[in-house]
Amino acid sequence: MQVRIWGCRGSYPVSGADFVRYGGNTSCIEVQVNDTLIVLDAGTGIRPLGQALCSPDSHIKTNRVHVFITHTHWDHIMGFPFFQPLRDIDTYLTVYGLRRSERPLEETLAGSLGKPLFPIPFTSQPARTDFREVDFYTTFAIAPDVQVTTARLNHPYRAVGYRISSPSGSLAYVTDTAPFDQILFGDEQVSWSREERTLDEHSRETLQRMHQGVLDLMVGADWVIYDTMFEPEEYTKRPHWGHSTPDHAIGLAAQAQARHLILFHHDPHRTDREIDAIEGRYRARAAEVDLMLSAAREGLTLTRESDQ
Amino acid sequence: MRVRFWGVRGSIASPGPKTLRYGGNTSCVAVESDAGDLIVLDAGSGFCPLGDALMKGSFGKGQGNMTLLLSHTHLDHIIGFPFAPPVHIRGNHFTIYGPAASREGLEELHEGLVAPAYSPVYTLDNIGSTLDFRRIPDEPFVAGGVQITAQRFPHGVGVFSWGFKLTERGRSLIYVPDVEYQYRHGVVSNEPTESIHSLDEAVAFVRDADLLIHDAYFTLHDYVPGWGHCRTQHAVTLAEAGNIKHLILFHHAPDRSDEEIDALIADHRDDLYHRGAPLRLDAAYEGMTIQL
Ligand SMILES: [Zn+2]
Ligand SMILES: [Zn+2]
Ligand SMILES: [Zn+2]
């Protein structure tokens, strides 16, 4: 298994001298397991990935692509129409995302990426695309040597966390999510006021189930890529935004005995120097619990061999 | 008027080392009038850093006022809006002119932009500021001390993008971010009387302006017909025919690298120089500021 980061910014893309080393593109990760090509999220980072795949010296020779969408917030889908393999009639794409009773995944994507917001609907591109809706807490195989497990994340309108498992490595992709203690996010909007909220029994159970599900994705994983948009003091001000801190991620990764935690979904205002500082500070903390830690940056490539 | 560029890309943001000097954010240009009014042309991803900057002034106190002119509603011209902090501050006021059959249509489109499937904002009702949506009027209108004239331009099959002319105290700028000129009348338009078609027809709209900010998505070599964008040479031809003083090439293709834009500008300047043409020509970059 080889994992490569193409976009690690949260909320919206950013450009400029402050964002050169970690990069300004929004969520997109490439996972390669032998001949199986998996793409996690379709933020603006999927555009350079598509170009790399279509270049004559592409590192991978397959036209079969599995795209897993965590949720359809703009920063996770806005690059999709610019994914160059869509313009190749030989591409066969399967898009995975949450099954929702009110609207098919295909419609949600088509509605956002067609007219009047985008000139050419991405579903009318030459590539063959089918949609596979998934539920939380299931496991299925997409190739003889590649299994995918899903879990529910604690984010407005709900999001899906994924684990990709193969004999050559395992990856947990957990973004976007809040921690599993204070607020339960569902499809309805959580009040934005600051009043103290008490959770009812059912909400507490749902959160516990989510917490366990996310631990299951992460257990013994080679790599955990986790939403760490906030620093602790920012989280205290915006618990209702549906994002976590490195402290939350380290706690879970250590408990799950994962090997290497990747801080992901950087706040759009976070400069290269600030991320350097965060990485340095938390790397020391993670070392205490025997966990490797890195901040995600565009171009970061992970294999078991390269990261021992 | 004082013009500042916050996003100069077309289609999609393309951050990275290759686009560092000109910038990777999508369309957003802020115009501060001599009278102190703020008019913003398009709300692509460049609208986010503009919003951050505005928070230091009256928008941070909930006393800001902006007129936002939307050329059209492709994502690279509207995606920044829901993310910009001033939009979420009670007391700020946004008058948003955009293309739609009705003001309700424009509001509905923005409602879709922040719907729960796509945004944690859920609904425009959660946006603290006042949003006053308006259909772009057919007649010239006034915002602050600035006279605004709008004109439809062809932008690919069956699609229009508006161009705007802003005039204050005898100075004028034209903004035409997305256009593919047609060579035969009526080829793409359903409403032939309402849109400009050819470059010749555009000359009357831009004539004698001090500044022309124009679509520069394609060059001679990479032009794809039907994609809704013209070649840079069209911008130069239009600027010269319209007696423009200063042409700014804008809405660069996402993959146009800093070096390629440098080379493109050098080629056009060479050509102008050899022909003895008086036109001043630059490429827009993030942070570029022009006083008119
Ligand atoms: Zn996100
Ligand atoms: Zn999200
Ligand atoms: Zn555009």
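Reader: What makes the charged end of R4(A) count as sitting over the ring of W6(A)?

Author: This is a predicted model. In it, the charged end of R4(A) is 4.5 Å from the ring centre of W6(A). The distance cut-off is 6 Å. R4(A) therefore sits over the ring of W6(A).

Reader: Which ring does R132(A) lie over?

Author: The ring of F140(A), at 4.5 Å from the ring centre. F140(A) also belongs to a cluster, linked by ring pairs with F68(A), Y96(A) and Y162(A).

Reader: Why is the pair of W74(A) and Y118(B) called stacked?

Author: Planes under 30 degrees apart count as stacked. The planes of W74(A) and Y118(B) are at 25 degrees, with the ring centres 5.1 Å apart, so the pair is stacked.

Reader: Why is this pair said to join two chains?

Author: W74(A) lies in helix α2 of chain A, and Y118(B) in the loop between α2 and β6 of chain B, so the pair joins two chains. Both residues are buried.

Reader: What makes the pair of F218(B) and Y223(B) edge-to-face?

Author: The angle between the planes is 85 degrees. Over 60 degrees counts as edge-to-face. The centres are 5.7 Å apart.

Reader: Is F218(B) buried or exposed?

Author: Buried means under 20% relative accessible area. F218(B) has 5%, so F218(B) is buried.

Reader: How do helices α4 and α6 of chain A pack?

Author: They pack at an angle of about 65 degrees, with axes 9 Å apart. The crossing is right-handed. Residues in the contact include H211(A) and L215(A) of α4(A), and L252(A) of α6(A). The contact residues divide into five nonpolar, two polar and no charged.

Technical notes. Residues numbered from 1 in each chain as written. Chains lettered and ligands numbered in written order. Predicted model: local features only at pLDDT ≥ 70, side-chain atom pairs only at ≥ 80, totals over all residues. Heavy atoms only, no water. Axes fitted to C-alpha atoms, helices over the stretch in contact; angles between N-to-C directions. Helix = DSSP H or I, 4+ residues; strand = E, 2+ residues; numbered from the N terminus. Left-handed = near helix turned anticlockwise from the far one by under 90°. Contact = heavy atoms within 4.5 Å. Nonpolar A, V, L, I, M, F, W, Y, C, P; charged D, E, K, R; others polar. Phe/Tyr/Trp six-rings, centres within 6.5 Å; stacked < 30°, edge-to-face > 60°. Buried < 20%, exposed > 50% of the residue type's maximum accessible area, 1.4 Å probe, protein only. Lys NZ or Arg CZ within 6 Å of the ring centre and 35° of its normal.
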